[in-house]
Amino acid sequence: MTNDIYGIEKWGKDFFKILSNGNLGLLNPLKIKSKPVDLTKIVKKLNQKLSPPYIIRVSNYLEFMINEINEKFYKSINTIGYKNKFNSVYPIKVNQQSQVIKKVVKYSKKFNSGLEVGSKAELLIALSQKLTKNALIICNGTKDEEFIKLSLLSNKIDMKTILVIESLKELNLIIKISKSLDIKPLLGIRIKLTNLISGKWSQSSGDRSAFGLPVDKVTEALTDLKKNNLLDCLILQHSHLGSQVPDIIEIRKYTQEACRFFIEISNYGAPLKYIDLGGGLGVDYTGENKSKFHSINYSLEEYCSNIVETLKLEFDKAKIKHPIIITESGRATVAPSSILVFNILDTTIFDVKSCPVLNKKDHIYLSYMIQILSYISIDRIQECFNDLNYYRDELRILFRNGQINLLDISKIEKTYLYVLNRIKTFVEEKKLNANPIASKLNNLADIYHGNFSLFQSLPDMWAIDQLHPIAPIQKLNHKPNKHVILNDITCDSDGMISKFVLNDGIKHTLPIHALKKNEEYYLGVFFVGAYQETLGDLHNLFGDTNISTVKLEENGKFKIVHEQIGDKISQVLNYVEYSSDDILKTFSEKTRKFHNKKSISSKEKNQLLKNFKASIDGYTYFEN
Ligand SMILES: Cc1ncc(COP(=O)(O)O)c(C=O)c1O
């Protein structure tokens with residue numbers, strides 16, 4: 001068994017384990033004693049009917065996270081002596097896929113959890129779910145007349161739909177519509193807190209954040225509500241700190257500020273019953289347990305107890321009845337439950353097996369390049385690199401000027417790669433990671449080409465430099481002998497991954513195994529359940545991947561509980577306004593014309609049309 005070089009047991013401690021056969025095992029956190037499921041077996045099973053890439057959703061992980069968040073809050077409430085309940089509310093925007101929402105609703109029923117919506121479409125999803133009687137639907141975001149009417153009328157069918165006031169203009173509209181319908185609204189008010197958070201989403205917090213009412217507008221809103229006899233409808237205070245909050249101190253400070261508003265608004269006369277602290281609970285993508293963008297310096301227990309303790313202290317001080325605590329954790333709830341699995345299609349190896357042999361006609365610089373091999377040493381490593389590049393570049397000039405031929409330059413480039421790789425091996429063996437040469441050499445890593453689209457499946461890695469742990473799902477008991485960067489299947493130079501979470505920190509290359517002929521080699525990208533599916537785009541028209549929901553069972557067994565076929569080419573064409581019938585018709589006519597001119601035989605024509613039709617119905621990714 002090799003070391004856990006990918007840090008799997010650090011970032012994936014509740015969920016993943018390296019099996020004795022070297023494959024990646026999926027642990028069942030709901031039944032810790034049960035035998036892990038071999039992920040390669042799931043992939044093998046899916047391959048019988050489908051093709052990679054796959055999103056594999058592990059339903060046990062979703063259930064586990066929902067249980068954990070609720071149970072840890074309840075534990076803190078009991079230990080700290082807080083005198084009210086906790087209600088989790090799932091923000092639909094984080095992963096709206098119907099299978100996910102169905103499962104969230106199912107697993108969170110026993111906790112009476114609700115849903116948070118930020119648009120009309122999300123409101124429709126929420127209203128159509130079988131929520132428990134007291135579960136809340138919390139409406140954030142900009143609301144038009146239709147949105148407000150729908151929410152108000154839904155209260156008539158016993159739904160607890162709360163309209164969260166985002167602006168004074170919106171409040172006026174709510175007042176007008178509720179009067180015209182003669183329905184008293186259930187209202188929340190979104191407060192803009194002044195505490196700034198660190199991390200990637202700091203712009204969601206503080207004075208300059210886009211959402212919620214600043215303090216002067218809060219007082220105006222309260223006056224408007226009182227004037228219109230609606231102050232008694234204000235039952236919830238909302239605030240949201242931003243996503244992936246890295247530092248627990250920031251969560252404490254923010255909770256304290258939220259309490260101050262809650263106390264003041266209650267003292268003004270509003271019957272506030274719920275304090276909603278929004279999202280922000282982070283995921284430790286690197287397993288470092290540090291206050292950094294991709295990590296967090298707190299555990300779930302700490303998060304819950306810090307919030308509950310702060311609330312109790314502040315409300316007791318102000319002699320205010322403890323309200324029901326709400327959090328809207330999206331990322332932490334769904335991120336662990338999805339894994340992207342893709343196969344490697346090809347490799348670009350910047351290496352040659354042996355050093356080209358010199359002959360008399362070769363340029364003198366070529367012999368100098370080969371001589372570098374004799375002085376590779378710690379003291380002269382930079383010199384070796386400089387010399388190698390100098391000679392190669394001078395020889396390239398000769399080629400451009402027509403002074404050496406194609407065979408000469410080919411031999412020179414091969415020699416360059418051979419010597420460069422000996423320098424690379426030396427740097428790795430001597431662990432000269434801190435040497436500036438190491439990062440230069442990283443830029444010359446081999447490339448593995450994966451069957452996935454960064455833009456469709458991992459958009460945050462492209463757009464905001466988000467890190468997701470990546471590891472092979474097989475051969476984890478073999479020492480990797482290559483260091484590579486990953487390239488996706490799109491024709492975009494941005495479709496590269498060159499930052500990796502490893503056991504000893506964030507590195508610019510991924511240690512990986514050399515590929516054997518005809519061997520399928522899979523990589524997993526972990527914690528992709530939050531935001532990625534929703535934010536993904538159709539760059540190069542690579543669509544949704546095949547998705548499989550898997551339930552881990554006893555004794556290393558599993559059940560595929562749902563399969564969703566990825567986008568067909570006809571579907572992605574449709575998104576960009578092509579009708580597959582129309583393009584097939586145009587193409588058939590064109591083919592017929594050439595058949596009439598006898599440029600193509602009947603057999604070839606039929607074959608061409610058959611292939612065209614099959615592609616229209618096919619998967620957008622590389623298929624074997
Ligand atoms: C209002 C609101 N609630 C909840 C969330 C979810 O946050 P997180 O995924 O960090 O839990 C968001 C997302 O930014 C949000 O805007």
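Which residues does Ser151 touch, not counting residues up to four places away in sequence? In this predicted model, local features need pLDDT of at least 70 and side-chain atom pairs count only at pLDDT 80 or more, whereas totals for chains, interfaces and linings use all residues. Residues are numbered from 1 along each chain as its sequence is written, and side-chain values use heavy atoms, with hydrogens and water left out.

Ser151 touches Leu123, Cys139, Thr161 and Leu163 when residues up to four places away in sequence are not counted, a contact being heavy atoms within 4.5 Å. Ser151 belongs to helix α6 (residues 145-154), where helices (H or I, at least four residues) and strands (E, at least two) are DSSP runs numbered from the N terminus. With a relative accessibility of 1%, Ser151 counts as buried, a term that means under 20% relative accessible area, with exposed over 50% and partly exposed in between (1.4 Å probe, protein chains only).

Val164 is part of strand β8 (residues 160-165) and is likewise buried, its relative accessible area being 0%. Beyond residues up to four places away in sequence, Val164 touches Ile138, Cys139, Asn140, Lys143, Glu170, Gly188, Ile189, Arg190, Leu236 and His238.

Two packed helices are described by the angle between their axes and the distance between the axes. The axes of helix α3 (residues 59-80) and helix α10 (residues 300-317) come within 9 Å and cross at roughly 45 degrees, the axes being lines fitted to C-alpha atoms over the stretch in contact and the angles running from 0 to 180 degrees between N-to-C directions. The two helices, α3 and α10, are therefore oblique to each other, since angles under 35 degrees count as roughly parallel, over 145 as roughly antiparallel, 65 to 115 as roughly perpendicular and the rest as oblique.
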